[in-house]
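Hi,

Here is the structure I promised to pass on.

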Amino acid sequence: MIGSQGFEVGRFNSPVGVDFLSNGRVIVADRSNHRVQSCDDEGNCQRVGGIDPPFGFTRRLSGVFDYPFGIEVDSRDRFIVADEDNHWVQSCDTNNSCIFAGESTGLRVEPSQSLAQFAFPDDVAVDNMDWVYVADTGNNRIQLFDAELNFRDIFGRNGSAVGEFNQPQGISVDQQGRIVIADTGNNRIQICQDMDGDCFAFGGLGSGEGQFNAPTGVEVDQLGRIWVADTGNHRIQVCNETGACVAFGDFGVGQGQFDSPSDVAVSQSGRVAVVDTNNHRIQFFSTGAFQINAGLNDAWFNPSTDGQGFFITVFPDLGLVLLAWFTYDTELPADGVEAILGDPGHRWLTAVGQIDGNQAVLDIEIASGGIFDTSSEIQRSLDGTITLTFEHCNSGTVDYSIPSINRQGSVPIVRVARDNVALCETLAGQ
């Protein structure tokens, strides 16, 4: 937990938006201080956008904000800000070099219903191409811009039917490219397949699980779970797309309690940051589900056999994991024939694939024919899949299917080296 009320760097005044940078720091829309701060887990912060107090606004300037609301980080570590009372969106690097969507004359303007302009925009989200989706709150619609903030598309209008909105304040994009929206005034979550407005909804006004009271922030994690800042109920709900939800938190000032939480972010390693707005702080939690992370980068082996070795390398920024498996062929050398490294008795399998929570499904590449310290030709071929699964930092499972040799099965793995256990436990929040 970091922060308290104040003007100094490291303090907040009604913060409302949060996301994670690639280095693990959080970036916070410090709304009533009209700035953006970047902070580590210990509360060491720096201002990366906005101006120092006293505040005063007569012109709209690059990197200067008037009640910034939602914030999102793209793949380039640019932070995109829904600059609510300036009625525009800014996409900035940490040197305050920004590009804009919306009216950009530098003069303060009134809210606008025109395309590519806004009325009190409250949140932004990015997809896997860094295209930017904007919750154009005052206009009850969603607008889409490319990575350079050129206008692309729009849908939505005021109403309570599916595909209509009432003051939408939160937006996220899942791994399927679907748009998930906190339809705040309608006290529900809408999931839209695309910008054509093909949507479905769950929720309604109430305090039971799966019901909401002015939901504001929304985030979809790597497992497809929808995290909702249920602001008026002073709690966080974690839901699936059918509206089955589990809630945590209640009203208060203690750890794990909230006063009008307004946003939630989930890092790739499964770390959760909640903006506890009226307590003027950020609280951190674990997802409770293990996430594959760089702390698994070690040598592993199957304890029931000799010589079944595995090397695992995780690339968090790419969302990839590489596994190298030193194993044996399906037939032993003939009696009395000594196996030589590279002969049929030995083979490396390498596999690479995408991380999905605590699992990664990897495509196998078999390399064979090489002899140690020679220039002999090595043959490579794709052949089957490996599913790598972890429930915690110290053991996992390799499920494999290799069609060419008609082999499939499951083997446990444990660490040979333990150099990165502490790192793994920190990243996993264990």
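**What I found**

Let's start with the rings: Trp227, Phe248, Phe258 and Phe285 make up one aromatic cluster. For this, the rings of Phe, Tyr and Trp (its six-membered ring) pair if their centres lie within 6.5 Å; planes under 30 degrees apart count as stacked, over 60 as edge-to-face and the rest as tilted.

Before going on, a word on where this comes from. This is a predicted model, in which local features need pLDDT of at least 70 and side-chain atom pairs count only at pLDDT 80 or more, while totals for chains, interfaces and linings use all residues. Residues are numbered from 1 along each chain as its sequence is written, and side-chain values use heavy atoms, with hydrogens and water left out.

**More on the rings**

Searching the whole structure gives 13 aromatic pairs. One of them is Phe118 with Phe145: the ring centres are 5.7 Å apart and the planes are at 50°, so this pair is tilted. It links distant parts of the chain, 27 residues apart, with Phe118 in the loop between β8 (98–101) and β9 (123–126) and Phe145 in strand β11 (residues 141–145). The strands here, like helices, are DSSP runs numbered from the N terminus (strands are E, at least two residues; helices are H or I, at least four). Both Phe118 and Phe145 are buried. Buried means under 20% relative accessible area, exposed means over 50%, and partly exposed is in between (1.4 Å probe, protein chains only).

**Strands and hairpins**

Strands of a sheet pair through backbone hydrogen bonds, either parallel or antiparallel. Here, two strands pair if DSSP finds at least two bridges between them.

In the order β5-β6-β7-β8, four strands form an open sheet with antiparallel pairing. Its edge strands are β5 (68–73) and β8, each pairing on one side only. On average, neighbouring strands of this sheet are turned by 20° against each other, direction ignored. (Axes are lines fitted to C-alpha atoms, for helices over the stretch in contact, and angles run from 0 to 180 degrees between N-to-C directions.) β5 and strand β6 (residues 79–83) run antiparallel and are joined by four bridges, and Val73 has Phe79 in β6 as its bridge partner.

Further along is strand β17 (residues 215–220), where six of six residues are buried. β17 pairs with strand β18 (residues 226–230) in the antiparallel sense, over four bridges. Val220 is partnered by Ile226 in β18. The hairpin of β17 and β18 has five residues between the strands, and Gly224 there takes a positive phi near 85°.

Another hairpin is made by β30 and β31, with four residues between them and a positive phi of about 55° at Asn406 in the turn. Strand β30 (residues 395–402) pairs with β31 over eight bridges, in the antiparallel sense, and Gly396 stands opposite Ile413 in β31. Strand β24 (residues 299–301) also pairs with strand β31 (residues 407–415), antiparallel and over two bridges; there, the partner of Trp300 is Arg415.

**Charged pairs**

The count of salt bridges comes to 17, each being a side-chain nitrogen of Lys or Arg within 4 Å of a carboxyl oxygen of Asp or Glu.

What are Asp74, Arg76, Asp130 and Glu148 linked in? They are linked in a network of salt bridges. Within it, the side chains of Asp130 and Arg76 meet at 4.0 Å, N to O. Asp130 sits in the loop between β9 and β10 (132–136) and Arg76 in the loop between β5 and β6, 54 residues apart. With a relative accessible area of 8%, Asp130 is buried, whereas Arg76 is partly exposed at 41%.

Arg76 also forms a salt bridge with Glu148, where the closest N and O atoms are 3.4 Å apart. Glu148 lies in the loop between β11 and β12 (151–155), so its pair with Arg76 ties together parts that are 72 residues apart in sequence. Glu148 counts as partly exposed, at 45% relative accessibility.

Arg141 and Asp136 form a salt bridge too, at 2.7 Å from N to O. Arg141 counts as buried at 8% relative accessibility, and Asp136 is buried at 0%.

Enjoy exploring!
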